[in-house]
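Subject: Model handover and notes

Hello,

Here is the model for your set-up work. Please have it open while you read the notes.

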Amino acid sequence: MKKKWRGLILGLAVTTMLVGCGSSGSTETKDSSEQTSSTSGEAAGSEIKNNTEKNTEKTTVEAVQVVTEGMITVTGDQLKDGVYDITVKSSSSMFDITACQLTVSQGTMTAKMIMGGKGYLYVYPGNGDEAEKASEADRIPFTEEADGSHSFTFPVEALNKAVPCAAFSKKKELWYDRDLCFEAAGLPFTAYREKPYKDASDLGLTDGTYSASVTLAGGSGRATVNSPAKLTVEGGKVTAEIVWSSSKYDYMVVDGTKFLPVENPSTENSTFEIPVIGFDYPLPVKADTTAMSEAHEIEYTLTFDSATLK
């Protein structure tokens with residue numbers, strides 16, 4: 001009887017040891033699995049965080065188109081050497097450019113962009129993926145100006161063209177994609193090696209009344225002008241009657257001269273008589289609107305199509 005109890009007790013002890021060993025092995029495997037899962041989770045979490053931060057701006061800041069209809073590309077070889085003040089349009093309000101100087105030298109163009117903030121350490125002429133792979137020497141660092149503002153000197157392939165620009169955020173330590181358009185509208189016509197438009201003499205226009213299609217670009221895109229526009233040629237000079245889609249424009253500025261509205265018995269909409277410097281080129285103009293809470297000058301271009309002259 002004693003032998004029987006000894007055998008039973010021995011069997012229970014062996015069974016307990018085996019179960020204990022099995023439990024220990026399962027715990028170790030579980031701990032290892034949890035550690036691997038934790039490491040993978042941290043890496044995935046970091047990647048998700050970076051992607052989230054990159055996409056946050058996309059969902060909170062609306063990207064805008066930087067090139068408008070009717071823009072004509074201008075390259076460095078079309079311009080005389082010199083330094084010119086121009087405007088730059090950015091696809092993101094987070095990349096605020098307050099002033100820009102274009103330098104042209106032997107057909108090569110660079111732009112010194114003065115920034116409205118100090119949130120970026122580098123820019124790169126390409127997208128963010130290319131910037132990450134680029135060497136330090138190829139990235140463009142900021143320069144601190146005398147007034148403390150930051151600037152970047154950026155290569156410009158062409159004006160009136162969307163140019164990719166990656167910007168490295170100091171706070172987020174991430175590259176963000178931008179599109180920039182260095183606009184030719186602010187250039188004086190004397191900056192061109194050859195005039196970029198056709199005038200009345202080129203087109204053989206004699207004194208008289210004509211009409212031609214006109215395209216308005218710029219602003220919010222909501223305003224329009226009547227097309228075709230009435231043209232008057234006198235002594236080789238062309239004047240256009242511009243009729244707006246609104247009655248809220250109280251003056252226009254063309255080539256530095258201010259023009260007030262004229263009476264138009266056929267409509268209450270704002271009407272102006274302005275000089276047409278040339279055809280087949282977007283001519284820069286400004287128009288002041290009183291439709292907002294405060295009067296505001298808006299930059300536009302008008303392109304008169306010589307092929308539609310009648």
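Conventions

This is a predicted model, in which local features need pLDDT of at least 70 and side-chain atom pairs count only at pLDDT 80 or more, while totals for chains, interfaces and linings use all residues. Residues are numbered from 1 along each chain as its sequence is written, and side-chain values use heavy atoms, with hydrogens and water left out.

Strand S15

Strands are DSSP runs of E with at least two residues, numbered from the N terminus. Strand S15 covers residues 249–254, and five of its six residues are buried (buried means under 20% relative accessible area, exposed over 50%, partly exposed in between, with a 1.4 Å probe and protein chains only).

Two strands count as paired if DSSP finds at least two bridges between them. S15 pairs with strand S18 (residues 283–289) in the antiparallel sense, over five bridges. In that pairing, Val-253 stands opposite Lys-286 of S18. S15 also pairs with strand S16 (residues 257–259), again antiparallel, over three bridges. Here Val-254 has Thr-257 of S16 as its bridge partner. S15 and S16 form a hairpin with two residues between them. Asp-255, in that turn, has a positive phi of about 50°.

The peptide bond from Ser-227 to Pro-228 is cis, with omega near 5°. Pro-228 lies in the loop between strand S12 (214–218) and strand S13 (229–234).

Asn-160 is not a glycine, yet has a positive phi of about 60°. Asn-160 sits in the loop between strand S8 (150–156) and strand S9 (162–169). With a relative accessible area of 7%, Asn-160 is buried.

Glu-173 has a positive phi too, near 55°, and is likewise a residue other than glycine. Its place is the loop between S9 and strand S10 (175–182). Glu-173 is exposed, with a relative accessible area of 57%.

Cysteines

How many disulfides does a search of the whole structure find? The search returns zero, where a disulfide is a pair of cysteine sulfur atoms within 2.5 Å. Cys-100 is buried at a relative accessible area of 5%. Cys-165 is buried as well, with a relative accessible area of 0%.

Regards

Note on methods:
Helices (H or I, at least four residues) and strands (E, at least two) are DSSP runs, numbered from the N terminus.
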